[in-house]
Amino acid sequence: MQRVYDFLDKFILPWPVRYLSHRFVILLTIALLIPLVLYATNQVLVLLVNSYLNTMSVAVSSIVLLYASLSEIHQKQIAEMQEKRAQEDHAHVVEMHNLLQQSISDQQKQIEELKQMIASSHGQQYTPSKAKNLVDLKKLHPRGVSRFENQDTSKRISSQLHHHKLTETVKHQIINK
């Protein structure tokens, strides 16, 4: 069935879209309302024009629904990618901050050792001050440690988006290609 869908998407469905979205076709379709009014007594003409207009209405509605569904899927994928990148950047910044804190802590220890060496060279007693504990940045985040979970992004996005069965089905088909 996937081969049929791929064939339709590639070779068949673009033609109605090109036809129906052409400006002259739109104008001619709107202009067909005039003969409906002028020749209201000609039943065959009215039924013919009305059938065409109904068919175009269904086709346009179907195409709009299809492209809206695809657009929704793409927007959701973009949001997921942006959130994933933001989470990766955030994790990177946290790691850089941890490295910076460790570096400062090491420098403080070295300074205390130097003070102790200077004091002992002058024959004085020096007691090093206690080193400060490193701050856990994951606990500082407003959402806490849960912000750093692997599934955090997908959970948050899925809870904030409206789910539509058609778009979920199409998305599943796109992802599993």
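Let me start with Asn133, which is exposed, at a relative accessible area of 70%. The cut-off for calling a residue exposed is over 50%, so Asn133 qualifies. Asn133 belongs to the loop that runs between helix H5 (43-121) and helix H6 (137-140). Now take Gln102, which is 31 residues from Asn133 along the chain. The C-alpha atoms of Asn133 and Gln102 are 9.9 Å apart.

Keep in mind that this is a predicted model. Mean pLDDT for the chain comes to 82, with 84% of the residues at 70 or more. Where is confidence lowest, and where is it highest? The lowest value belongs to helix H8, residues 165-175, with a mean of 66. Helix H4, residues 33-38, has the highest, at 90.

Next, the aromatic rings. How many aromatic pairs does the structure hold? It holds 1. The partners are Phe7 and Phe11, and their geometry is tilted, with 45° between the planes and 5.3 Å from centre to centre. Both residues are in helix H1, residues 2-12. They are 4 residues apart there, so about one helical turn separates them.

Arg18 places its charged end over the ring of Trp15. The distance from that charged end to the centre of the Trp15 ring is 4.7 Å.

Methods: Residues numbered from 1 in each chain as written. Predicted model: local features only at pLDDT ≥ 70, side-chain atom pairs only at ≥ 80, totals over all residues. Heavy atoms only, no water. pLDDT = per-residue confidence, 0-100. Helix = DSSP H or I, 4+ residues; strand = E, 2+ residues; numbered from the N terminus. Buried < 20%, exposed > 50% of the residue type's maximum accessible area, 1.4 Å probe, protein only. Phe/Tyr/Trp six-rings, centres within 6.5 Å; stacked < 30°, edge-to-face > 60°. Lys NZ or Arg CZ within 6 Å of the ring centre and 35° of its normal.
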